[in-house]
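Please keep the sequence and the structure in view while reading.

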Amino acid sequence: MTPHGLQVEHRTEPLGLDEPCPRLSWRLSSERRGAAQSAYRITAAENEQDLDEPSQLIWDTRRQVSAETLLVAWEGPALRSTTRYHWRVDVWDETGAHTGRAQSWFETGLLQPSEWTAVWIGRDPRALPPINPPTDDDLDTPGPAEAPLYLRTQFHLPSRPVRARLYATARGVYESHLNGARVGDIELAPGWTEYHQRIQYQTYDVTDRLHAGDNVLAAIVADGWWSGYVGFDSRRPALHYGDARQFLAQLVVDFTDGSRQVIATDDGWTEHTGAIRAADLLMGQYVDARHEQSDWNCPGAASDFRPVAILDTDPGPLTAEPDAPIRVTIDTTAVAVHRRGPDRFIVDFGQNLVGRLRLRLRDTSAGQRVVVRHAEVLADGELYVENLRRARATDTYITAGRPTEVFEPQFTVHGFRYAEISGYPGEITDADVTARVVHNDLDWTGRFECSDPLVNQLHANIGWGQRGNFIAVPTDCPQRDERLGWLADAQVFAPTATRNADVSAFFARWLRDVVDGQNDDGAFRDVAPIVAIDREGAPAWGDAGVIIPWLLWRTYGDRRVLERCFDAMVAWVEHIRRHNPDLLWEHRTGNSYGDWLQVDADTPRDVLATAYFARSAQIVADAAVVLGRSGEAARYRALHAAVRRAFIDAYVGDDGSVKGGTQTAYLLALGFDLLPADLIDRTVAHLAADIESRGNRLTTGFVGVPLLCPVLADHGHSALAYALLHQDKYPSWLYSIRHGATTIWERWDGWTDQDGFQSAAMNSFNHYSLGSVGDWLYGRVAGIDQSADSVAYRELLLRPTPGGQLTWARAEQQTARGLVACGWSITDDRLTVTVTVPPGSTAVLQIPTTDPGDVRENDVPAGTPGVLGAEPTAAGLTLRLTSGRYTFTAPV
């Protein structure tokens, strides 16, 4: 048994950590059944070689008798700024034998505000050019009129450094350069946070970029979320945080003699405009290559650069970036290029994605205008852009006239499958255009596949929707003039997101924005960060501030995020209670979106709201138990019981009907345990009858969809859940796939045979909410779940569920404790189930079989450990397993 996957604060080898008490984690792997950790030892040192010298260790836990591998808090000396710490973990197995060790490192950033000597610099307002009447060029220049900043400073080093770190951030988005080359591969830094509360900085190891003599540190700063277009409010489309792009950076250089030199942003820097004339996340980027200065970021004189202005001497609320940054993660070439005229092409990448296009041009003459427009779908062979609303999603390139030119905008992102390239009379082949996929570079931890290609495409569509909408915040859509962090979209999709990728640090960081946005009355908002929409959160929207912290605890064992959110969670529930003393949530419901985008149904808003009131009260009570706050646990357990009684009295009939009679009304009552026990079967019958009466079609919107298949499966209707999964008539998941979808649509009726496109006012073709069914694909189709009392998959609940048109399905998930896998196949009326349980976990495996006495374990010698017990049930055989790999067969 060996440790692997070492992490600090959910990250591998983080550079620039500012958490004063970081937590260390590791996973375990073993080919041996029953393997489990019985003890661990963590040692730490400031020099890697000192890990082997006991006298040089700065922290030694000694041998700790413990099975825990998650989030062990640092108890060494207080961390110092700009310091790398090496750490090692040794583990002992259940027999007491030492079985392995692994080591890693983390490095701190600037831990104290006083350590920042840099100041915010930008363009001197007194140096702004005069305003001239607009020209046609201005019509192609998106966003605010000022061009991005090109900044530089030249400095001298007495010798080559032994260590150098660049700490940088911007009010805007930036790209840093050193001695003529870009620094790092982070995109759209510093990301988007509630800037008035917190601005992130990034840390870069630039030791190998510096040399003795003259060096140049430079940067380009564009609008980004700080001053560019965000959201859809025409009254305030941009300039949400400020109107002046600013840069702040500190280069810390250490030499062999122990001396240190700091180069920081100050009034010695200079600035100029460059080839990028304008850049905006929603509108696009405008580049005039004729203005490019090839040596602007290299040592030597820079022509026409002028002094900067110091715009702010207070660094403000800076924090080290705590999660995976935005990067280009995938490059994909075009699958088809269609000429539409002498100088116009339509390019198809075969996949709706989010990012930008890289275009190679040859033998151009100076001054040619090449325009790239983007769209998710085509209409009559041309780009369909009406659904982009005010977002222009247009990049413009003015050629310099070189033999070969490459255009790739870096300060914008678009949602697209298709691109139109116009203004270029040459030939464009599929090798000349590359789509570059951009999103937070999360570790992709899950995989699902089955025998049905359409269901596999559904899973792929869900994953691509997650990639495209996890850019700085969990956005609603990546293409139109919105791209906001809607809370309900995130909370309904979050369980699926945790299956696909490690989103622990990503969501923990975004939850700080959710909490920062809470008002004095305790109400969360609809979106975070707050832009344009500054109203109290609606039911299911504001409740994300309670539901997601609890999900992170259950999935990753992150107690700290629960602690940091708990008071805000309590305040939200008290906000609802205070304004609804009869415990039916009818007042202060914000915009009350209801079951957003449901079809042929109208779930009463008070039913939905009160169900979420009960759910949030229950979670707060459960969280209080975890945190040892017994008084609050009792208080909110009683509140939950009272809200539940109020729900039943007001909305549940004696026949098990629920007010409104919609699928979502029934799903909320069943999924949130808001029914008397003797009425559950009747309510399930009402739900099933509604679905069957519609020809096995759903009516659920954003709120109902994640409950639909799980509730049916939990109440004996897996066949009906599968019928919904395989349904390809409108409305259904597969209907969009039958019509070419490669991501999840915002609406069931985004496009239909009968009506064509839905209203362009709101019709995204990349919107993950309805993809929340992905959690069920992992959890019940393949069978990976955990028991109700388990945390971070300590006790697995494996429930493979054969059914529908599938002959096999399997999934694997890299959990916080290690790799979990579960799958099944049917051949010749016999079911084969395969299972992997990681060291330290146990599993309850439910095998559905017609003959529990004929369940066989394949190719295992007698006496092999692993199966702890077996119990026949009405549905088959339940086995209790230790860690290890298993294969069972059973009749079906």
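## Two cis peptide bonds

Pro529 lies in the loop between helices α5 (504-516) and α6 (544-556). Helices (H or I, at least four residues) and strands (E, at least two) are DSSP runs, numbered from the N terminus. The peptide bond that leads from Ala528 to Pro529 is cis, and its omega is near -5°. A further cis bond runs from Tyr730 to Pro731, with omega near -10°. Pro731 is found in the loop between α13 (718-726) and α14 (733-738).

The model is predicted: local features need pLDDT of at least 70 and side-chain atom pairs count only at pLDDT 80 or more, while totals for chains, interfaces and linings use all residues. Residues are numbered from 1 along each chain as its sequence is written, and side-chain values use heavy atoms, with hydrogens and water left out.

Ser592 is placed in the loop between α7 (559-579) and α8. Although Ser592 is not a glycine, its phi is positive, about 45°. Is Ser592 buried or exposed? With a relative accessibility of 13%, Ser592 counts as buried; the term buried means under 20% relative accessible area, exposed means over 50%, and partly exposed lies in between (1.4 Å probe, protein chains only).

Asp600 is also in the loop between α7 and α8. Its phi, near 55°, is a positive value in a residue other than glycine. Asp600 counts as exposed, at 65% relative accessibility.

His459 belongs to helix α3 (residues 453-469) and is buried, with a relative accessible area of 14%. Apart from residues up to four places away in sequence, His459 touches Arg447, Phe448, Asn500, Leu777 and Tyr778; contact means heavy atoms within 4.5 Å.

The axes of α3 and helix α4 (residues 487-500) come within 11 Å and cross at roughly 100°. Axes are lines fitted to C-alpha atoms, for helices over the stretch in contact, and angles run from 0 to 180 degrees between N-to-C directions. The two helices α3 and α4 are therefore roughly perpendicular, a term for angles of 65 to 115 degrees (under 35 is roughly parallel, over 145 roughly antiparallel, and the rest oblique). His459, Ile462, Gly463 and Gln466 of α3 meet Phe493, Thr496, Ala497 and Asn500 of α4.

## The loop residue Thr445

Thr445 is found in the loop between β34 (433-440) and β35 (446-450). Its relative accessible area of 12% makes Thr445 buried. Neighbours within four places in sequence aside, the contacts of Thr445 include Thr498, Arg499, Asn500, Glu812 and Gln813.

## Nonpolar cores

In soluble globular proteins, nonpolar side chains tend to be buried together. A nonpolar core is a set of buried Ala, Val, Leu, Ile, Met, Phe, Trp, Tyr and Cys residues joined through side-chain atoms within 4.5 Å. Of the 223 residues in the largest nonpolar core, Trp192, Trp225, Phe349, Phe448, Phe507, Trp733 and Trp776 touch the most other members. Helix α8 (residues 605-626) gives the most to this core, namely 13 residues.

A second, separate core has 29 residues, among them Val183, Ala219, Val253 and Trp269. Leaving aside neighbours within four places in sequence, Trp225 is in contact with residues including Val173, Leu188, Trp192, Tyr241 and Ile471.

## Strands and sheets

Strand β8 (residues 84-93) and β9 pair in the antiparallel sense over nine bridges; two strands pair if DSSP finds at least two bridges between them. Within this pair, Asp90 stands opposite Arg101 in β9. The two strands β8 and β9 form a hairpin with four residues between them, and Gly96 in the turn has a positive phi of about 90°. Strand β2 (residues 15-17) runs parallel to β9 (residues 98-108), joined by two bridges, and Leu15 stands opposite Glu107 in β9.

An open sheet of five strands, with mixed pairing, has the order β40-β41-β45-β48-β47. Why is one side of β40 and of β47 left without a neighbour in the sheet? Both β40 (784-786) and β47 (867-873) stand at the edges, each with a single partner strand, so one side of each has no neighbour in the sheet. The twist averages 20° from one strand to the next. Six bridges join β47 to strand β48 (residues 876-881) in the antiparallel sense, and Val867 has Leu881 as its bridge partner in β48.
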